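Good morning, everyone, and thank you for making time for this.

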Amino acid sequence: MDKIIKTIAEELNIKTLQVENTIKLIDEGNTIPFIARYRKEVTGGLSDEILRELGERLNYLRNLEQRKEEVIKSIEEQGKLTDEILQAVAIAKTLAEVEDIYRPYKQKKKTRATVAKAKGLEPLAQIIIEQIERNPIEEIAKEYINIDKLSEEDKKNKDKVVNTAQEAIQGALDILAEDISDNPKYRKEIKRQCYREAVIETKASKEEEKSNYEMYYDYQEAIKYIPSHRILAINRGEKEEFLKVKIQKPEEKILAYIERDIIKGNTQFTEMLKETILDSFKRLIEPSIEREMRSDLTEKAEEKAIKVFGQNSKQLLLGAPIKGKTVMGFDPAYRTGCKIAVIDETGKVLDYTTVYPTEPQNDVEGAKKELLKLIEKDKIDMIAIGNGTASRESEMFVAEMIKEASRQVHYVIVSEAGASVYSASKLATEEYPDINVSIRGAISIARRLQDPLAELVKIDPKAIGVGQYQHDVNQKKLSESLTGVVEDSVNKVGVDVNTATPSLLSYVSGINNTIAKNIVKYRDENGKLKNRKQLLKVPKLGKVAFEQCAGFLRILDGDNPLEITAVHPESYEATEKLLANLGFDKKDLTNKEKLEELRKQLKIVKIEQMAKELDLGEMTLTDIIEELSKPGRDPREDMPKPILRSDVLKLEDLKEGMVLSGTVRNVIDFGAFIDIGVKHDGLVHISEMSEKFVKNPSEIVSVGDIVKVKVIKIDKERQKVGLSMKV
């Protein structure tokens, strides 16, 4: 365990005590959001991102140690365990290294070498590899001809018969070829050379066929430089049978390295050993090393893609809510018509309809009349337009229509990714049993503007769609990573226990689906919860779950004003003491004038001195002060608000050099896609993000950011816009 702690501490550049304490907390069943928020003193203030990384590495390294034990036990049972093997296994840092050490001792299926061993040719192989000059090898090999020594029954089995000296020599060389390919020292060095010098080469499978992979039809790039998005693009091109992929390895260097280690001077064995080394490399080593390298490159590329996808999703989930507005959700379409749903400021559905302003009906006048009537009747403030099919045509229609409205109305383009998945889900059916599946998408789009987090948690995180190649990566790992991202986002914001849906509650630390449903049922049967303690009356929500979830659940008009904050019940006593020391009471949190005075006092608290007085950690005290300064504050209020539009831009309106405001829709390895209000999002390439060198686009922008961009390239034929942030 000490070794695991030391490894993680070095990798994450944190103290061993932080790792040790965190592992203890994880093993005790504490969730990452709980540890990140309420155990800062124990972990030394590690963030949720680092804690999740620590958890993943802990899992991997524990699996690695378990595998090492299994391998040692298996080799020991075969009576082949040596101090050298023990040492090699002990210092192995990856599962791949352990498997390479175990390779020679694995039970093999029938191979040329296993057949040769069954014929008793191992001693002959030993003579050849030792290269001891005695008699000509052909003479020695004759001793292994066994055709006359076998029973009539055994003679019928070709796998047992050695007819000639040449057959015996070939069998012995087959054994050596397999031994060479199984040698962990050679495999380690070959991989090292390949990662340093190998080149990935791609060719077109079908000559000159048009596809998205044309840049890879005759392409080469050094393995050590190739970025993850290109690996995933090449993999997809190969899967779709547009590309053939090969890794060109430094073959001459590899062969020379093995020959130097095996061949002892110039003997009768030299040429046959050279040929055996070549055979071992071509037939056994190269195919498996290529598979391992491709797998390794893919795994690393997937890790990067999953990380980018997680970062983008987090930004989308933490998008600023638009509160206190009546919103019209506009789900664009062509033939089937645009679905419309109106929801009030609490999310309640007021009206819904379908209009046909787009192709093929083009009933612009009829649609305009119906929607203007709804704007007047329901006092609509905003229109949320989904960004999918027919979005721009719908935007043009809406921009014209609101000019005639009797009240000021703005519109916003909203990501509709996953809305159709939600519409047809069991959850949507439970929420809106009497509303047609097609209208549910428009409700979801409207609600996403009001509260992105509460709405997006209803959808499988993979369907949110802000990443690269999310359908190509390991789906289990993606799912685990995104579930973690959603958990961190929900717990960062906090949840109103009296209004939250089961889907939102189920992401709260310590609460599973069953407990989430039980909370809602308890609420329905007993009315609103008045204090956090009441949660202990909810079936299946015991003391452990209460400790994990209580601080993240808010009670906005209950018995205790502290419960509109993230202050944990375990700190209530200390918090009340703090307030009393400053001449205040918890009731003052709901009094505007008193709160203003309290804020001034909190700013001048001497943290170190007060922490000792209250017997609290300094980090915990700092968090409590922050919560008391802004009770009930939503951290998403600091996020950029969506751009409100009242007119539409066309591609034809753009001119090079034009400076516009846009919303970051997606951040990828090579740049970011920005919605500037034309039909297709423009691309800011990584080279156009800053005057300085940018290693990673996510260092510069996040999904949802509002940025100023300059138009630098317009490709009308391909409907593409190049943008620059060097404004």
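This is a predicted model: local features need pLDDT of at least 70, side-chain atom pairs count only at pLDDT 80 or more; totals for chains, interfaces and linings use all residues.

In strand S3, Gln248 is the bridge partner of Val199, and Val199 belongs to strand S1, which covers residues 199-204 and pairs with S3 in the antiparallel sense over six bridges. Two strands are said to pair if DSSP finds at least two bridges between them, and the strands themselves (E, at least two residues), like the helices (H or I, at least four residues), are DSSP runs numbered from the N terminus. Residues are numbered from 1 along each chain as its sequence is written, and side-chain values use heavy atoms, with hydrogens and water left out.

S1 and S3 sit in an open sheet of three strands, whose order is S2-S1-S3 and whose pairing is antiparallel. Why is one side of S2 and of S3 left without a neighbour in the sheet? Strand S2 (218-222) and strand S3 (243-248) stand at the edges and each has a single partner strand, so one side of each has no neighbour there. On average, neighbouring strands of this sheet are turned by 15° against each other, direction ignored.

Another pairing, this time parallel, joins strand S7 (residues 382-386) to S8 through five bridges, and Ala384 has Val412 as its bridge partner in S8. Strand S8, residues 410-414, is mostly covered, since four of its five residues are buried, where buried means under 20% relative accessible area, exposed means over 50% and partly exposed lies in between, with a 1.4 Å probe and protein chains only.

With that term in hand, look at Thr353 in strand S6 (residues 349-355), which counts as buried because its relative accessibility is 15%. The side chain of Thr353 makes a polar contact of 2.6 Å with the side chain of Glu370; such a contact is a pair of N or O atoms within 3.5 Å, and within protein one must be able to donate a hydrogen and the other to accept it, while residues adjacent in sequence count only if both atoms are side-chain atoms.

Let me turn to the helices, beginning with H23. At 1.5 Å a residue, the 19 residues of H23 (residues 475-493) should span 27 Å, and the end C-alpha atoms are 27 Å apart, which agrees; the expected span is 1.5 Å times one less than the number of residues. Which residue caps the N-terminal end of H23? Asn474 does, with a side-chain oxygen 3.0 Å from the backbone nitrogen of Lys476. After H23 comes Gly494, whose phi is positive, near 90°. The buried residues of H23 include Leu478, Leu482, Val485 and Val486.

Finally, helix H13 (residues 184-197) packs with helix H16 (residues 270-317) at an angle of about 55°, their axes being 11 Å apart. That makes H13 oblique to H16, because angles under 35 degrees count as roughly parallel, over 145 as roughly antiparallel, 65 to 115 as roughly perpendicular and the rest as oblique.

To place these details, the chain has 30 helices and 15 strands, and buried residues make up 49% of its 727 residues.

How values were computed
Axes are lines fitted to C-alpha atoms, for helices over the stretch in contact, and angles run from 0 to 180 degrees between N-to-C directions.
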